[in-house]
Amino acid sequence: MLHWKKLSSEQIKQRIFKALEHNIDYFHESTLGVPGSHLDQKVFPSDATFLKDSPFLYAMVHNPNHIGCHTLGESESFLKGTHAIEREVIQVCGEVMLKGATDQQDGYIASGGTEANIQAFWVYRNYFMQEMGAKVDEICILCSEDSHYSMSKGANLLQVGFHMVKVNFEDRKIDPALLQAD
């Protein structure tokens, strides 16, 4: 069984900063042909002193672009440091937490729920169209009324159907009877 070794704050900081050394440096290297650029220096200064103690924020400033799903097979060389960490996180989530098959997980690490949901909708919309021959008007995002607002936003953006199902007031679960009624 795969286990994810717990790291101290200092070890996490060292690992992230070391990984970023293997990525393209948007601030000091030519990025022609690379799908990304550094963030606005006026708003996100790359040399802000607090960044040296904040690996997550440092990574967001120095690694602003996620290329997308790349965990199966080779990936882009200009982000290989953080891709290695991303692959490991996806492996732990897919294999350990969700009990998926070994080395069969793919995914995408996003900075927030809206981006993650829209990315998932995009992947599945394309999967159903390409693998199942579905037409856009045959695809629907089905979610509970407690779902994040990005569900309707993602459906609208990708031009697929959207249906929100009421939940049982007591336990907030989708009640099959309520689903049938909708």
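Select Q104 to begin. Q104 sits in the loop between α3 and α4. Is it buried or exposed? Q104 has a relative accessible area of 57%, so it counts as exposed. Keep in mind that this is a predicted model. Q104 and G94 are 10 residues apart along the chain, and their C-alpha atoms are separated by 8.5 Å.

Stay in this loop and pick D103. D103 also belongs to the stretch between α3 and α4, with α4 covering 113–132. Check the backbone here. The phi of D103 is positive, near 60°, and D103 is not a glycine. Most residues other than glycine have a negative phi. The relative accessibility of D103 is 53%, and the cut-off for exposed is over 50%, so D103 counts as exposed.

Step back to K99. K99 follows α3. The phi of K99 is positive too, near 60°.

**Helix α3**

Select residues 80–97, which form α3. How far apart should the ends of α3 be? At 1.5 Å a residue, its 18 residues should span 26 Å. The end C-alpha atoms are 25 Å apart, which agrees.

Now colour the buried residues of α3. They are G81, T82, H83, E86, V89, I90, V92, G94 and E95. An α-helix has 3.6 residues a turn, so residues three or four places apart point the same way. What do the buried residues of α3 pack against? Their partner is α1.

**Where α1 meets α3**

Show residues 9–21 as well; this is α1. The axes of α1 and α3 are 6 Å apart. The angle between the two helices is about 130°. The pair is therefore oblique.

Zoom in on the side chains. On the α1 side, pick R15, I16, A19 and L20. On the α3 side, pick G81, T82, I85 and E88. These two groups meet. By class, the contact has 4 nonpolar, 2 polar and 2 charged residues.

**After α1**

Move on to Q41. Q41 lies in the loop between α1 and α2, where α2 is 55–62. Its relative accessible area is 35%, so Q41 is partly exposed. Which residues does Q41 touch, leaving out those up to four places away in sequence? They are F27 and S46. Select F27 next. Q41 and F27 are 14 residues apart in sequence, with 9.3 Å from C-alpha to C-alpha.

**After α5**

Go to Q159. Q159 lies in the loop between α5, residues 150–158, and β2, residues 161–165. Q159 is not a glycine, yet its phi is positive, at about 60°. The relative accessible area of Q159 is 63%, so this residue is exposed.

**The whole chain**

Zoom out and show everything. The protein chain has 6 helices and 2 strands. Along the sequence, the order is α-α-α-α-β-α-β-α. Of its 182 residues, 29% are buried. Residues 24 or more positions apart account for 47% of them.

Conventions:
Residues numbered from 1 in each chain as written. Predicted model: local features only at pLDDT ≥ 70, side-chain atom pairs only at ≥ 80, totals over all residues. Heavy atoms only, no water. Axes fitted to C-alpha atoms, helices over the stretch in contact; angles between N-to-C directions. Helix = DSSP H or I, 4+ residues; strand = E, 2+ residues; numbered from the N terminus. Parallel < 35°, antiparallel > 145°, perpendicular 65-115°, else oblique. Contact = heavy atoms within 4.5 Å. Nonpolar A, V, L, I, M, F, W, Y, C, P; charged D, E, K, R; others polar. Expected span 1.5 Å × (residues − 1). Buried < 20%, exposed > 50% of the residue type's maximum accessible area, 1.4 Å probe, protein only.
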